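Please read this briefing alongside the sequence and the model shown below.

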Amino acid sequence: MKDTRSNARVVIIGLGVVGAAVADELTRRGFRAVTVVEQGPVYATGGSSSHAPGFVFQIAPGKAMSELAQRTVNKMDGAQASDGWVSKRVGGIELATDEVRLHELHRRLGFAESWGVPAELISAEEIARLWPGIDTSTVLGGLHTPTDAVVKGVRAVEWQTSRAVENGAKVISSTRVGAVHTASGRVTGVQVHAAGAPADDPGEEIPADIVISCAGFWGPGLARDLLGFEIPMLPVEHGFGFSQPLSGQDWPSESTEVTKPMLRHQSYGMYLREWGNRLAIGAYEHRPMPVADAEIAPVEEYLGGAEQPSVHPFTPQDFTPTWAEAERLMPGIRGGQPDPAKSFNGIFSFTPDGGPLMGPVPGVDGLWMAQAVWVTQSAGVGEVLADWIAYDDPGIDTHGLDLSRFDPTVVSERWAREMGEESYDEVYDIVHPRADTLRLRGLRTSPFYEREVQFGAEFGSANGWERPLWYRANADRGTPMLGDQPLPKRDEWAAQYWDETVAIEAGALREGVGVVDMSSLPRITVSGPGATEFLNAQLSRPVGKGIGSVVYALLMDEAGGVLSDITVARFGEEDYHLGINGTLDTAWLQLNLEQRRDAGSDIGSDAGGEGAAGEGAAGSRSAITIQDVGSGQCGLGLWGPQARAVLSTLTDDDVSAEGFRFYRCRRIRVAGVPVMALRLSYIGELGWELYAPAEFGRHLWDQIFAAGADHGILPVGRRAFESMRLEKGFRLWGSDLSREHTPYEAGIDFALRGEQRERVDQILQDNGRWELKRKLCAVVLDDPSAVILGHEPVYLSSESGGGSSSTSGEPGAEGGAGADTGGNAGAGADAGGNGPGSARIGYVTSADQGFATGLSIAYAWLPIEHSDVGQRLSIRYFDRFYEASVVSEPIFDPTGERMRA
């Protein structure tokens with residue numbers, strides 16, 4: 001990648017805590033032509049940063065969000081603004097006043113240890129010692145994170161902006177952006193106007209090669225009005241109340257502000273912290289109050305002395321339940337009321353999954369975003385985005401952060417509102433990792449939907465699609481088994497969003513034949529003159545040499561990380577069908593196609609998908625189309641030992657082992673339906689993926705089930721699919737691996753071939769990633785009835801003499817305090833053994849029971865020195881530890897004979 005940092009012209013829209021962080025980090029990486037345009041004043045710009053409570057809590061279910069928070073507190077340590085401290089590591093305490101929440105705190109302690117955040121479970125007595133004046137009569141325990149911090153938003157803006165200006169950045173305040181200009185698919189500049197300028201003011205253009213939107217809750221309106229697309233983000237009001245001034249205990253001074261840990265009382269949707277001699281209380285328990293663009297006050301009013309736009313009037317009726325619980329917990333405020341002069345409703349931004357929207361904007365080269373970022377992750381986002389722009393390597397897994405993770409097909413203003421409201425509702429809820437949205441269900445359905453309903457399908461949601469998880473009609477098709485034993489009962493947590501029918505479906509498919517609805521699988525075509533050359537330049541191996549070939553390949557980033565794993569089926573000389581992991585893959589391929597065109601390659605681009613940037617390609621000697629083909633089509637997986645027997649009765653084509661070999665594709669007719677057939681298997685059984693135009697779907701379903709009746713055919717849901725792929729050792733990108741990992745570490749280096757392998761190997765050597773320091777390992781729990789779900793911390797077993805402090809090579813792998821506190825209430829006495837004999841060495845990525853093998857299987861990242869087969873491990877699951885061993889893989893059918901039959 002050409003380094004243009006010294007002369008690239010950058011415009012950042014917005015000087016909140018995110019814009020300031022991005023400006024600071026870009027200038028620290030050598031960018032010198034950086035201009036920040038802010039519509040409000042500096043440094044209290046009027047956005048969310050100006051009123052945010054600033055609690056940076058580092059524990060999160062996902063690794064990336066936790067790492068962003070860790071980076072934020074680490075950067076802010078010791079920072080000073082003109083009027084005082086920027087950050088204080090006062091710590092945090094999560095309270096449990098019921099057994100359900102206490103149980104959840106054990107899970108969150110597991111997250112802390114997985115991601116390297118110092119944490120410990122403490123008793124009510126210890127909470128009272130750390131927070132004098134709290135009533136702990138109903139408190140069962142708490143989770144203490146001593147290195148969490150309070151960050152002052154406005155001071156963080158000032159501190160980071162000052163550093164950016166020292167390094168050459170320019171800040172233009174009281175100026176709004178009226179347009180983002182583009183030409184030939186790339187950014188050229190922004191049009192700016194002084195705040196309050198008349199509508200006919202021509203303004204001024206600031207030339208730019210890179211434009212970054214850090215506009216906070218103004219982001220959706222900016223994207224809609226200036227960029228012409230919708231982003232899935234919703235500004236929502238959040239009640240924030242202040243007590244009257246308090247006395248009678250050691251409250252800090254106005255300048256000191258906070259000395260005690262910030263409290264989170266999630267069971268009541270609230271948090272509390274000192275604010276000088278007052279108690280400040282935030283409420284998430286009230287109704288969602290979305291804020292429309294028209295309800296955001298013009299910044300000109302703020303510049304004229306009015307309240308900042310991010311602050312709306314306090315609604316005491318919404319705050320009443322929160323205040324009542326605060327009074328019960330804090331005797332010092334009993335009998336009072338929130339101070340109406342200081343209390344307010346503040347506006348924050350919410351996305352469907354709670355993550356930020358960051359990264360390059362598809363279709364417009366040089367346009368970037370960092371939206372829906374709270375103070376909690378702000379400095380971390382600044383670092384990651386700056387690395388991404390400067391080096392094309394964000395340095396962490398971004399698949400849950402990248403704005404392109406949401407399919408533009410489903411993103412709309414209503415969808416963003418519905419999902420944002422649900423996200424707000426769930427901020428402090430105990431959310432199961434397998435839980436699905438309850439909003440806008442039925443948005444996308446396959447033509448098989450009515451038939452699936454007839455079979456009693458329990459549906460989940462995947463990118464707007466209704467996807468069957470299991471079928472209640474299969475409950476009487478057999479006895480649920482785990483290997484050769486009756487299936488044991490799962491614990492209450494693992495049994496949620498699951499049913500024992502899953503075991504029946506998996507067993508029946510392994511023994512006979514089953515049908516899986518594959519319509520929600522993202523798919524694209526890449527076709528046109530030059531498609532072969534283009535794909536060979538993007539993939540980790542050459543495409544198949546002949547028409548009818550299928551290959552498994554990787555998309556790789558510039559540092560040798562795995563961006564995605566895909567299947568590439570060749571249906572013509574320049575006609576390819578790709579099974580991808582989502583819209584991130586489409587966006588990446590389109591970006592690379594445009595960059596090759598811009599670099600003067602003969603390969604052109606023909607915009608053929610959502611967000612494709614094809615401007616200027618008409619004059620090139622060839623044109624490639626990248627087209628989304630998921631909509632308007634449907635797909636079925638027909639798998640199992642009897643799959644050939646069923647398919648052969650429905651087609652005149654040769655589907656014998658010799659006539660239709662493994663990893664081949666062909667267009668055939670099935671019961672008269674035009675079908676694109678791929679002989680693939682993600683579950684380790686003989687079979688095909690069959691794709692057809694949607695209007696043929698119901699007929700295709702009916703004919704397959706009629707033909708399979710004598711073979712005991714049954715519909716099979718996603719849960720059985722997930723279990724079977726684990727038995728077979730097939731990785732799930734985004735869960736088991738990401739761009740943080742190399743193919744060698746992840747055990748998929750077989751997808752490297754030819755010149756592409758040489759290229760990847762050289763990249764890994766150049767980036768210091770050649771030596772293996774960690775490995776994705778198959779792990780089997782000693783107890784087959786034990787079920788874990790992913791993200792659990794892994795330790796050396798005490799059986800293996802684990803006093804070692806070996807780490808996994810991950811940031812913060814040493815963990816922290818993390819140890820249970822023995823006799824403290826709720827401290828988590830081990831319920832399944834004596835606990836680990838060492839510090840955390842790794843973490844689980846995905847797990848489930850294997851119903852054919854009779855095993856409880858997990859995949860985990862481990863340091864290379866502890867990855868040998870037979871290595872004894874201990875895995876924390878809530879308040880117990882499960883003993884386990886590293887095993888060879890694949891566990892099921894290691895020779896692959898079944899799927900190649």
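A salt bridge is a side-chain nitrogen of Lys or Arg within 4 Å of a carboxyl oxygen of Asp or Glu. By that definition, a search of the whole structure finds 53 salt bridges. This is a predicted model, in which local features need pLDDT of at least 70 and side-chain atom pairs count only at pLDDT 80 or more, while totals for chains, interfaces and linings use all residues. Residues are numbered from 1 along each chain as its sequence is written, and side-chain values use heavy atoms, with hydrogens and water left out.

Helices (H or I, at least four residues) and strands (E, at least two) are DSSP runs, numbered from the N terminus. Buried means under 20% relative accessible area, exposed over 50%, and partly exposed in between (1.4 Å probe, protein chains only).

**Lys152 and Glu257**
- The side chains of Lys152 and Glu257 form a salt bridge at 2.8 Å, N to O.
- Because Lys152 sits in the loop between strand 10 (149-151) and helix 5 (153-166), and Glu257 in the loop between strand 16 (234-242) and strand 17 (262-265), the pair ties together parts that are 105 residues apart in sequence.
- Lys152 is buried at 16% relative accessibility, and Glu257 is buried at 4%.

**Arg731 and Glu889**
- A salt bridge also joins the side chains of Arg731 and Glu889 (2.7 Å, N to O).
- Arg731 is buried, with a relative accessible area of 9%, whereas Glu889 is partly exposed at 31%.

**A network**
- Asp24, Glu25, Arg28, Arg29, Lys75, Arg163 and Asp387 are linked in a network of salt bridges.
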